[in-house]
Amino acid sequence: MSTLSNSIEWKAIQAHHKKTHPQPLRKLFLSDPKRFDKLSLSFNDILYDFSKNLIDNDTLPLLFNLAKSSNLETKRKAMFSGEIINTTERRAVLHTALRNRGDQAIYFNQKNVMPQIKAVLTKMRAFCQKVHLGQWKGYSGKAVTDIVNIGIGGSDLGPKMVTTALTAYARPNLKVHFISNVDQAHLIETLAQLNPETTLFIIASKGFNTQETITNANSAKNWLLSYAPDKSAISKHFIAISTHTENATAFGIDKANIFEFWDWVGGRYSLWSSMGLSIALYLGMDNFEALLEGAFDADQHFFNSPLEKNIPVVMALLGIWYNNFLGAQSHVILPYAQSLTFFADYFQQGDMESNGKNTDIEGNRVDYSTGPIIWGQPGTNGQHAFYQLMHQGTKLIPCDFLAPAQSHYDLPNHHDILISNFLSQPEALMHGKNFEEVKLDLTGKDKLDENLIASKVFLGNKPSSSFLFKKLTPKTLGTLIAFYEHKIFTQGVIWNINSFDQMGVELGKVLAKVILPELKNDKIIDSHDSSTNGLINAYKQLR
């Protein structure tokens, strides 16, 4: 057994689960009228209600003991201090420095990184101002109307999620587009909407060598040059965000238009950096910095609050409880806000790429479950799709519901209907509907139809947490994102894994580079397993 699963704290939770499971939520609420008050936390204008979870008065104290025994507080300090906590890649993890709005210095390799960060923010602001004022001109002298971000992974998902979430704050007369998939349809269908004279491309690639991104960037460059008079147009229509100046300048991008990026920022944490340039352009730099401020507030809360009052820590420990002791395999994120369409997508990468690991930081294979499957969709759409399985299926699926109390828009009735569903679904999941309650609602012969009654029974006792916040502002969104980031970090600490590398991403890429040259001819391939050989040869026939 591992040190974790053999620990006193772990075994105490196992014993508690064996003694108390299943926790009857109906009875827990009836026996404690103040359950909501005890099991909810507020931060700024955000309310976090975790009272509808399968926990009693003893559950969280045992989980807090587990967190403390994992040295969470020490490891939290190490992350904020710039220590090398990404041990496999020997890197610090300093996305928190990117949104540091305080006066404190933050050191990496004995050098304060804050002057570099502030310099990039200043450069971003100056660039955004040029674009917004129409001073940045394309090859024909026209101002920019469309921003195209070309990236993949965190270089795409973060900016896309934020710009979609905050469309209500968008600058007038400016549109933003995102190209990530190397499937040419993504590029071609996006470019078909655009005018090359007024389009600005942002190539977001840490090393400026990611295959999908550079392939799309080269095709976008060829598209531009098919209209522009000469290659000088490249410097007027392409911006780079990269650590590799040489590769970007070789592409044709002016060195002055390359925005700095650092190795101590992981891709899935990069929206806070110059990788957020598309956010700043679309929303304005003031709103981008408000996003940073919201995240900074969450950082201060996570760093300074006692574990028992710490929202990301509670989120993480509830996830540990369900994943490791109740056998849940997935976690669903359900924002009741259409603008948060990509929120669950963003944290699919954020969580699954971080904690989808089977080896601990000492290199040992773990004997416990680590990161869950993250999925979700905005309400109320999901109610007409997969909620059936959540309510009456056989799987335990912990849920996070999120909703703004105020909308950015004012059509009559819409928002109240939305919020009534946001409130009713967690209640229905928790409360359920038993045999007698179903029977009371039926009339005539239906009261005698036991098959019908059984089909209408909802077992209930399905756990959920809810975030209710005043309005989806840049600052509030920044706080919510950072809460989830710190939840992921906390779980990684407890599982004793490295949440900041992503080795599992690499093998498929390596094999793709082996296969690619084999597709350049019509020869029969026999160098792989029979399935891969068969698929390659079938592809050659079908193409």
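The model is predicted, so local features need pLDDT of at least 70 and side-chain atom pairs count only at pLDDT 80 or more, whereas totals for chains, interfaces and linings use all residues. Residues are numbered from 1 along each chain as its sequence is written, and side-chain values use heavy atoms, with hydrogens and water left out.

The structure holds 29 aromatic pairs, meaning rings of Phe, Tyr and Trp (its six-membered ring) with centres within 6.5 Å; planes under 30 degrees apart are stacked, over 60 edge-to-face and the rest tilted. The rings of Phe 208 and Phe 251 have centres 5.7 Å apart and planes at 70°, so this pair is edge-to-face. Phe 208 counts as buried at 5% relative accessibility (buried is under 20% relative accessible area, exposed over 50%, partly exposed in between, with a 1.4 Å probe and protein chains only). Phe 251 is also buried, at 7%.

An open sheet of 5 strands has the order 6-5-7-8-9 with parallel pairing. Strands are DSSP runs of E, at least two residues, and helices runs of H or I, at least four, numbered from the N terminus; two strands pair if DSSP finds at least two bridges between them. Strand 7 (residues 199-204) and strand 8 (residues 238-241) are joined by 4 bridges.
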